[in-house]
Amino acid sequence: MPLTETIYQKSPVAIQNILISAFGYQWKKRRFGGIFSKEYKAAKNRESYTVQQWTDYQQAELQKLLLHAQAKVPFYKSSFDEKGITATDIQNLDLGRLEDLPVLTKEQLRKFCTTTLISTTKESNTSFFSSSGSTGTPVKILYSHSMHQKWFSIFEARIRNWAGVSSFIPRGMIGGRRIVADASNTPPFYRYNYFEKQAYFSAYHISSANASNYLKGIEKHKVEYMTGYAMSNFFLARFLMENNMQAPELKAVLPSSEKLSPEMRQMFLEVYNCKTFDSWGSVEACGMVSECEHGSLHINPDAGIIEILDDDLKPVPDGVAGDVYCTGLLNFDQPLIRYKIGDRMIRSSEPCACGRNMPVIKEIVGRIEDVVIGRDGREIVRFHSIFYGLEKIKKAQVIQEELGHIHIKIEAETSLTQEEENMIAQRVESQLGEMDISIEEVVSIPLNKNGKFQAVISKVKRQALNSIT
Ligand SMILES: [Zn+2]
């Protein structure tokens with residue numbers, strides 16, 4: 001555990017709030033400083049682009065990216081060479097001929113993300129952001145400050161602004177950061193990040209008994225909208241409703257990470273009396289989808305080029321689900337070209353009443369994850385943080401066999417040590433409370449019956465809980 005993490009975990013709540021605020025200050029400066037304001041204005045301007053203007057914009061950005069990748073990024077230099085792609089080919093390449101370029105798999109990204117996929121010339125201010133993601137394959141993404149600010153300018157202009165909120169008003173977030181030291185049920189289950197006006201709620205303590213403390217945090221910090229894990233937000237709202245607790249009216253709920261269902265939207269409407277705005281993006285920062293005032297999910301063409309393809313890498317027709325391949329237009333230090341991100345989408349042929357010429361997505365599919373349930377009834381999704389920092393892990397799957405038993409399957413480059421296994425087990429218990437935990441190293445983790453990798457499988461259903469506890 002890093003020293004700062006150790007200090008944080010051993011500090012009282014008041015000091016933890018100060019530490020989180022200090023971190024928030026740096027974080028805010030990083031994302032909203034520098035070129036952010038200029039880029040935000042440019043992103044708002046582009047919203048009125050015609051179809052032709054968007055095509056021209058993407059074409060120009062794509063060419064810059066590809067020429068750079070070929071000249072400066074060893075991975076692309078050799079993969080373009082292999083395919084016989086020259087600089088002249090790139091100069092003549094249009095958006096409709098992306099199929100001439102090789103695709104990038106998640107496994108390739110995992111393998112080369114810190115080496116040959118990095119540009120030989122890059123900005124001075126860069127750092128890696130890690131994610132194991134819901135596909136279970138951990139990757140590291142290199143962000144420069146200016147790239148981060150560009151990404152956030154689009155995020156702010158489209159995801160927050162369209163929902164009628166901003167990053168500068170008080171908000172609540174339910175996420176995977178381990179802000180509460182262990183699984184013990186000692187409130188508060190939230191910490192406050194002063195500079196970002198963000199109340200950060202633990203995703204690991206949401207239960208019927210704890211719901212009142214979450215509500216207290218929402219009220220105390222005058223939360224105006226909620227963000228974070230869709231499922232966790234849903235669990236909280238449902239516990240509030242089941243306990244007849246009156247939640248304040250919010251401006252919006254902006255969930256992320258898992259598939260948003262109509263049932264969740266309805267729950268947020270009933271509990272917080274507000275609309276829900278879906279979105280899609282990822283740590284790879286190579287594609288973004290945001291929901292407009294008319295309820296359509298729009299692709300943001302300035303964040304990245306999104307292709308939706310079948311198994312033969314041919315575009316699927318509108319209305320049919322296909323795999324998403326992203327070409328990020330912002331990151332020149334670690335370009336991701338035709339990257340198979342692991343999600344599936346269905347494109348719509350219907351234009352949106354909002355009038356923006358940004359393609360419409362009918363549905364984002366394939367982000368369903370099973371819910372793991374603690375002995376005390378707490379409900380948790382997204383377990384990838386238990387593998388954080390263990391870079392030898394290629395893929396991992398968490399299976400809840402029964403209420404008190406978690407089985408973990410791991411595909412690793414080299415065997416895990418006993419210490420590493422203990423760390424994983426300890427992290428599971430810190431989220432769920434006491435559990436029987438078994439860890440199994442396997443050659444490969446089988447796909448589910450739909451041919452998809454499933455990061456979390458639970459064989460325990462919520463309905464059955466009353467009869468167990
Ligand atoms: Zn629209």
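**View A. Ser119 and its polar contacts in the predicted model.** The side chains of Ser119 and His68 are joined by a polar contact of 3.3 Å. The side chain of Ser119 also reaches the backbone oxygen of Thr121, at 2.5 Å. Ser119 sits in the loop that runs between helix H7 (106-112) and strand S1 (126-131). With a relative accessible area of 4%, Ser119 is buried. When neighbours within four places in sequence are left aside, the residues in contact with Ser119 are His68, Lys72, Val73, Phe332 and Asp333.

View B. Ideal angles for four tetrahedral donors at a metal are 109.5 degrees.

**View D. The packing of helix H9 and helix H10.** Two packed helices are described by the angle between their axes and the distance between the axes. Helix H9 covers residues 211-220 and helix H10 covers residues 230-242. Their axes are 9 Å apart, and the packing angle is about 105 degrees. H9 is therefore roughly perpendicular to H10. On the H9 side, the residues at the meeting are Ala211, Tyr214, Leu215 and Ile218. Those they meet in H10 are Leu236, Phe239 and Leu240.

**View E. Positive phi at Lys222 and Asn244.** Lys222 is not a glycine, yet its phi is positive, about 50 degrees. Lys222 belongs to the loop between H9 and strand S6 (225-229). At 61% relative accessibility, this lysine counts as exposed. Asn244 is not a glycine either, and its phi is positive at about 55 degrees. Asn244 is in the loop between H10 and strand S7 (252-256). Asn244 has a relative accessible area of 72% and is exposed.

**View F. The cis peptide bond between Pro187 and Pro188.** What is the omega of the peptide bond that joins Pro187 and Pro188? Omega is about 0 degrees, and the bond is cis. Pro188 is part of the loop between strand S3 (171-175) and strand S4 (190-193).

**View G. Ile386 and its surroundings.** Ile386 lies in the loop between strand S17 (379-380) and strand S18 (393-402). Ile386 counts as buried, because its relative accessibility is 0%. Neighbours within four places in sequence aside, Ile386 is in contact with Val398, Ile408, Ile424, Arg427, Val428 and Gln431. Ile386 and Gln431 are 45 residues apart in sequence, and their C-alpha atoms are 9.1 Å apart in space.

Definitions and conventions:
Residues numbered from 1 in each chain as written. Predicted model: local features only at pLDDT ≥ 70, side-chain atom pairs only at ≥ 80, totals over all residues. Heavy atoms only, no water. Helix = DSSP H or I, 4+ residues; strand = E, 2+ residues; numbered from the N terminus. Buried < 20%, exposed > 50% of the residue type's maximum accessible area, 1.4 Å probe, protein only. Polar contact = N/O pair within 3.5 Å; in protein donor to acceptor, adjacent residues only side chain to side chain. Contact = heavy atoms within 4.5 Å. Axes fitted to C-alpha atoms, helices over the stretch in contact; angles between N-to-C directions. Parallel < 35°, antiparallel > 145°, perpendicular 65-115°, else oblique.
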